[in-house]
Amino acid sequence: MKTTEQLTDSMFYIMSALTKPRHGYAIMSLIEERTDGAITIGPASMYTIIKKLLKHEWIYLYDDSDPRRKTYLLTEKGKDVLKADVSLRKVMIQLAEIGLKEAEE
Amino acid sequence: MKQTKYVLSGGLAFAEEKDMKQLRKLSNDGWHVSGFKFMGYTLKKGESADYIYSVDYRSLKDMEAEEYFEFFASSGWTHISSEGSIHLFRALPGTKPIYSDRETTAEKHVNSIKSMRWLVISMVFLTVFACLGALISTGTLQMVFNILAVVFLIVAIPASWTLIATYSNKWTAEGRKGLVTVVKALPIVFLLFVVLIIFQVFESISYSVSILAAMLIGGIVAPMIIWVIMSLYIRVRGNN
């Protein structure tokens, strides 16, 4: 599957946290925890992106029994988009690493 | 000693950051904002505290509000008040900002653009329509069109100005400096235009041009007069 646009960094983080059903606060704290606080997401950014990912059908509403803590999960389509983006980002890292190594020689 | 007071807003589209800084300063003085009121905020007297403030623009359906406010609460932002699609929050200094990237910060302004775009477009359209009507009609009908044009223009000018300011906020967030500079130059261009029209009035070129000039001046001056009266009124009352 080909994606037309690259994910923004924040979309990438949030999708990476939605490989399991999680609610907003859980997503925010997971990202912070797994990156040792290097990456944080503000609540307004979070809400904007959740709405956008739902619209793209890259995530879906998994459970809304608690309206304050609705949980979301990646769709198959979303998983493919995330995988494609991961490969692209790997290429990006490789590009920079080769360049930096070259500079050291 | 009064327990509540009112401060004037600089207009969120024009001076959001300045407003938020002022609210922080007032909190340091022991005056905490409790809600929105016509063209400003109401404040309540309390203990002095250092709080930071943020606003977000979003129209929420009934089912969405709880989750939206929960996101903020769990990030340390206390919801203070909402007015339509404008939501005001407070937090302790050091709390992470409500927007954490450039893309969504730009979209914040898209939300408020969406909510006013149609109002502005229809007001401008109505103004043009009334002006055209005034130009091609005569007698009583022309009079009616003239009055309508003035009324529409008085709404259309501040409304378009606000919309332009919001676009400028969006472009600032996106880092499009060129466009922001263009917007900043607009008032000067506009002023030149008005001066040009006034000049033409003295040359008394045509009746409709002078009407147009009067309308333009009215459209700018009327909101400004309201603004000045409001600030004077508040200053005088605040001193008592």
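What percentage of the residues of chain A count as buried? The figure is 30% of 105 residues. Buried means that 20 or more other C-beta atoms, placed from the backbone, lie within 10 Å of a residue's own.

A word on the source. This is a predicted model, where local features need pLDDT of at least 70 and side-chain atom pairs count only at pLDDT 80 or more, while totals for chains, interfaces and linings use all residues. Residues are numbered from 1 along each chain as its sequence is written, with chains lettered from A and ligands numbered from 1 in the order in which they are written.

Chain A, then. It has four helices and three strands. Both are DSSP runs numbered from the N terminus: helices are H or I, at least four residues; strands are E, at least two. The order from the N terminus is α-β-α-α-β-β-α. The C-alpha trace spans about 60 × 35 × 20 Å along its principal axes.

Next, the interface. 20 residues of chain A are in contact with 21 of chain B. Contact means C-beta atoms, placed from the backbone, within 7 Å. On the chain B side, helix 2 (62-74) and helix 3 (102-136) each supply at least two residues. Helix 2 of chain B gives the largest share, eight residues.

Last, strand 4 of chain B, residues 52-57. Five of its six residues are buried. Strand 4 of chain B runs antiparallel to strand 6 of chain B, residues 86-91, and six bridges join them. Pairing takes at least two DSSP bridges between two strands. Within this pair, V55(B) has L88(B) as its bridge partner.

Definitions and conventions: A residue is buried if 20 or more other C-beta atoms lie within 10 Å of its own, exposed if 12 or fewer, and partly exposed in between; C-beta atoms are placed from the backbone. Two residues are in contact if their C-beta atoms, placed from the backbone, lie within 7 Å.
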